[in-house]
Amino acid sequence: MTTATRLAEAVDSRDPAVGLAAVAALRRLLEEVEAAHVGNARAQGWSWEAIAAALGVKRQTAHRKHARRIITPVTGEHE
């Protein structure tokens, strides 16, 4: 069983401590997955506008959230 599946099941718990912990863990997992996909999109040449549209946010929001995390593959420098 995957981590996401276990967490999704825990969200249904009647125990608030279990359910809330699962929600927090899912939020962290979602942030990691989003960052990985944004990095992949940038590596494939996607613009911040295209990424923002796919995420349903404004370009500035996507850039502000993710630009500092991404390292360009050629130079190893942050964007």
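Predicted model: local features only at pLDDT ≥ 70, side-chain atom pairs only at ≥ 80, totals over all residues.
What share of the contacts in the chain with a separation of 6 or more comes from residues 24 or more positions apart? The share is 23%.

**Overall build**

The chain has four helices and zero strands. Read from the N terminus, the order of elements is α-α-α-α. The chain holds 79 residues, and 19% of them are buried. Its accessible surface comes to about 5,800 Å². Carbon and sulfur atoms account for 58% of that surface.

Helix 3 spans residues 48-55, and its buried residues are Trp 48, Ile 51 and Ala 52. These residues lie on the same side of helix 3, because they cover an arc of only 100° around the axis. The buried residues of helix 3 pack against helix 2 (16-43) and helix 4. The face turned away from the buried side carries Glu 49, Ala 53 and Ala 54, which are exposed. After helix 3 comes Gly 56. The phi of Gly 56 is positive, near 75°.

His 66 sits in helix 4 (residues 59-66). Glu 34 sits in helix 2.

Is Glu 34 buried or exposed? Glu 34 counts as buried, because its relative accessible area is 18% and the cut-off for buried is under 20%. His 66 is buried too, with a relative accessible area of 1%.

| Residue | Relative accessible area |
|---|---|
| His 66 | 1% |
| Glu 34 | 18% |

**Neighbours of the pair**

Residues up to four places away in sequence are left out of the following contacts. His 66 touches Glu 34, Ala 35, Val 38 and Trp 48. One of these, Trp 48, is also among the buried residues of helix 3. Glu 34 touches Leu 55, Lys 65 and His 66. Leu 55 falls within helix 3, which covers residues 48-55.

**In brief**

Definitions and conventions. Residues numbered from 1 in each chain as written. Heavy atoms only, no water. Helix = DSSP H or I, 4+ residues; strand = E, 2+ residues; numbered from the N terminus. Buried < 20%, exposed > 50% of the residue type's maximum accessible area, 1.4 Å probe, protein only. Contact = heavy atoms within 4.5 Å. Areas by Shrake-Rupley, 256 points an atom, 1.4 Å probe, with all protein chains shown as cover. Arc of directions from axis to C-beta.
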